[in-house]
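Subject: Structure handover

Hello,

Here is the structure you are taking over. Please look through it before reading my notes.

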Amino acid sequence: MASGAMPGTAHGKIVVDGSITHPAMGVLKEPITIYVENSFVTKIEGGEEAKRFAEELAKVGDPRMYRIGEIGIGLNPDASLCGRMLEDEGCSGYVHCALGNNETDNQDFILHIDMMFKDPTIELDGKVIFDHGEVVFD
């Protein structure tokens with residue numbers, strides 16, 4: 001997924017193959033593909049878990065739930081994927097991306113759902129910064 005420095009500029013495809021920190025989700029059995037334009041989810045594809053995730057997002061009833069709110073790179077080699085946000089988002093080789101609150105909202109919208117995916121490649125402003133799960137230094 002590529003992203004610029006300004007809100008509303010994330011575009012790309014996210015293949016979530018780790019976990020989603022929502023009570024109805026947890027560690028995934030099959031990948032979920034999420035398409036993003038202008039920092040908002042435009043489509044969710046996959047099997048039964050993708051359908052369940054789309055239904056849970058729709059229940060919120062607020063378009064801000066579909067906004068990319070965060071991206072983070074896990075660097076902790078001692079963390080393991082378990083379905084709990086604080087450990088999952090730190091797993092080495094994983095990246096997490098969140099939907100919902102991005103801390104620029106005033107406190108009227110606090111929902112935030114992290115999604116973990118393994119060994120991704122991340123490009124930022126045309127430069128690869130994370131290549132198949134490895135931090136790239138120039």
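The notes below cover the sheet, the hairpins, the core and the cysteines.

This is a predicted model, in which local features need pLDDT of at least 70 and side-chain atom pairs count only at pLDDT 80 or more, while totals for chains, interfaces and linings use all residues. Residues are numbered from 1 along each chain as its sequence is written, and side-chain values use heavy atoms, with hydrogens and water left out.

The sheet

Five strands make an open sheet, in the order S4-S3-S9-S8-S7, with antiparallel pairing. Strand S4 (26-27) and strand S7 (68-73) are at the edges with a single partner strand each, so one side of each has no neighbour in the sheet. Helices (H or I, at least four residues) and strands (E, at least two) are DSSP runs numbered from the N terminus, and two strands pair if DSSP finds at least two bridges between them. Strand S3 (residues 19-20) is joined to strand S9 (residues 112-118) by two bridges, and Ser19 stands opposite Met116 in S9. Helix H1 (residues 48-60) packs on this sheet and touches S3, S4, strand S8 (94-100) and S9. The direction of H1 makes about 160° with that of S9; axes are lines fitted to C-alpha atoms, for helices over the stretch in contact, and angles run from 0 to 180 degrees between N-to-C directions.

The hairpins

S5 and strand S6 (residues 40-46) pair in the antiparallel sense over six bridges, with Tyr35 opposite Lys43 in S6. Two residues lie between the strands of this hairpin, and Asn38 takes a positive phi near 50° there. Asn38 is partly exposed, at 47% relative accessibility.

Strand S10 (residues 122-124) and strand S11 (residues 127-131) are antiparallel and share three bridges; Glu123 has Val128 in S11 as its bridge partner. Their hairpin has two residues between the strands, and Asp125 in the turn has a positive phi of about 50°. S11 also pairs with strand S12 (residues 134-135), again antiparallel, over two bridges. Phe130 stands opposite Val135 in S12. In the turn of that hairpin, His132 has a positive phi of about 50°.

Asp119, in the loop between S9 and S10, has a positive phi of about 55° although it is not a glycine.

The core

The largest nonpolar core has 24 residues, of which Ile20, Ile34 and Phe53 touch the most other members. Such a core is a set of buried Ala, Val, Leu, Ile, Met, Phe, Trp, Tyr and Cys residues joined through side-chain atoms within 4.5 Å. Buried means under 20% relative accessible area, exposed over 50%, and partly exposed in between (1.4 Å probe, protein chains only). Strand S2 (12-16), strand S5 (32-37), H1, S8 and S9 each give two or more residues to this core. Leaving aside neighbours within four places in sequence, Phe53 is in contact (heavy atoms within 4.5 Å) with residues including Ile20, Ile34, Leu99 and Ile113.

The cysteines

The structure holds zero disulfides, a disulfide being a pair of cysteine sulfur atoms within 2.5 Å. For Cys82, the nearest cysteine sulfur is that of Cys91, 6.9 Å away. Cys82 is partly exposed, with a relative accessible area of 30%. The sulfur of Cys97 is 16 Å from the closest cysteine sulfur, in Cys91, which is too far for a bond. Cys97 is buried, at 1% relative accessibility.

Regards
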